[in-house]
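Let's read this structure together, one feature at a time.

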Amino acid sequence: MTQQKLGPSAVWALVLTGAAGFMAALDNLVVTTALPAIRADLGGRLEDLEWTVNAYTLTFAVLLMSGSALGDRFGRRRLFTAGLALFTAASAAAALSPGISELIAARAVQGVGAAVMMPLGLTLLTAAVPAARRGTALGIYGAVTGLAVASGPLIGGSLTEHVSWQWIFWLNVPIGLALIPLARLRLAESAVPDARLDVPGTLLISGGLFGIVYGLVNANAHGWTSAPVLTGLIAGGALTGGFIHHGFHNANPVLPMRLFRNRGFLGINLASLLMYLGMFGSIFLLSQFLQGVAGYSPTEAGLRMLPWTGMGIVVAPLAGILADRIGGRPVVAAGLALQALGLGWFALVLSPDVSYAAQLPALVLSGIGMSLYFAPANHVLMSTVAPADQGKASGTNNALREVGGALGVAVLASVFSAHGGYRTPRTFTDGTVPALWIGAAAVALAAALTLLLPRRTNTAPAPATDPAPAPAHAA
């Protein structure tokens, strides 16, 4: 049986959504290596600098599902273009910020634009690509966005070191200005017929995710038992519980809870959360280890991470092809297992005087594992829901990934603080090693959850238009 080729509309969708996804994913971590330069230029307390990272993560995670719902209702191409324009304008505002408060506000608006772009871009790409080639296309998309997430510190460090910190934001502006007219001309409009906005559900999940993520990202600064953190976690948990109840009993919820009765949908979402928990938290600590303990500059540290971060260019497209041929489950399972093995290897070899050669196998294993995960995970996700639910599924998965990343940084940093600290290279290593074991365990649990995935994904699930439970896909 011959493989169907990608037509011009599918190629345009891949190029445009991939470029937009790269910008949105890049800005997750691009600012981290620029913080010292930002503080020297704009001033501000340590807490203010933390918010230049957290403001983006918070609005991104909180509004992802709302962005998908608005696209379903008012048109996915229209809202994708609006999100792209907002993200581009906010990037220019961040580069022009005269003070730290203005920069934090611009970063929050960037997160709003990204929350619209990311899930709708994936939905538009899925709709434009034939089912037989969807894994290949999502493999390329996964390579681009996965590389952007992990290479943020390298790009941010290089621009800051050789140009200025403002250019980590100016970089988005010409790309965004070029993509906006092309998106209007080259992407096909799509929407869900008779879609309705679920305002109560949107408010519940937005408030719930805001409370949970706010508590997680502030736990290290204020302590897990502090009033702001406990209030955020308890209130966020209560609102999220209300959202789950609403999803079971409302006729047209923003996220039908019946989707989670499909074991494939449940498994891939839980695995995604745990994957980001282990990966984000580990990258957060290891990038600092390379600079604070090994003594590399931000650019040098980023270059030495390339066996991990750059592996997606080669491996992720191959992972998409494999997913088309043998199904997504074995590829996702292999990727998560290799990522867990890589983090465990790091924990075994890490010491204040560890050589780069001793770290290299762990970097390669982590890079292959991460790259094998990204593309088939998207493929499996979109194969577990009906076309009318793909926007909601994409928003849910992206939100859980962001929450997983915030949880990973908070939990692994807390383990690091409890067992070590920044005082000496030895104390930094003593804190990092147990944190890496926690990260490896989280990703290993994600690999175990792939047993919930169907052995062979169905690329064209039957429409589910009523609130009754969707049948699980047969193996």
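Q: What share of the 475 residues in the protein chain is buried?
A: A residue is called buried under 20% relative accessible area, exposed over 50%, and partly exposed in between, using a 1.4 Å probe and protein chains only. Here, buried residues make up 59% of the 475. This is a predicted model, in which local features need pLDDT of at least 70 and side-chain atom pairs count only at pLDDT 80 or more, while totals for chains, interfaces and linings use all residues. Residues are numbered from 1 along each chain as its sequence is written, and side-chain values use heavy atoms, with hydrogens and water left out.

Q: How many helices and strands does the protein chain have?
A: Helices (H or I, at least four residues) and strands (E, at least two) are DSSP runs, numbered from the N terminus. In this protein chain there are 18 helices and 0 strands. The radius of gyration is 21 Å, close to the 23 Å from the globule rule for 475 residues, so the chain is as compact as a globular protein of that length. That radius is taken over C-alpha atoms, and the rule is 2.2 Å times the number of residues to the power 0.38. Along the principal axes, the C-alpha atoms fill a box of roughly 60 × 45 × 45 Å.

Q: How should I read contacts in the protein chain between residues at least 6 apart in sequence?
A: Contact means heavy atoms within 4.5 Å. Among contacts between residues at least 6 apart in sequence, 83% join residues at least 24 apart.

Q: Where is N269, and which residues is it in contact with?
A: Look in helix 11, which spans residues 263-292 and holds N269. N269 is buried, with a relative accessible area of 1%. Leaving aside neighbours within four places in sequence, N269 is in contact with F260, L381, T396, N397 and L400. A polar contact is a pair of N or O atoms within 3.5 Å; within protein, one must be able to donate a hydrogen and the other to accept it, and residues adjacent in sequence count only if both atoms are side-chain atoms. The side chains of N269 and N397 make such a polar contact, at 3.1 Å.

Q: Is M279 buried or exposed?
A: M279, also found in helix 11, counts as buried at 0% relative accessibility. Beyond four places in sequence, M279 is in contact with V149, W308, Q339, M370 and F374. M279 and A340 are 61 residues apart in sequence, with their C-alpha atoms 9.1 Å apart in space.

Q: How far apart in space are L303 and L154?
A: Their C-alpha atoms are 6.8 Å apart, although 149 residues separate L303 and L154 in sequence. L303 lies in helix 12 (residues 298-304) and is partly exposed, with a relative accessible area of 46%.
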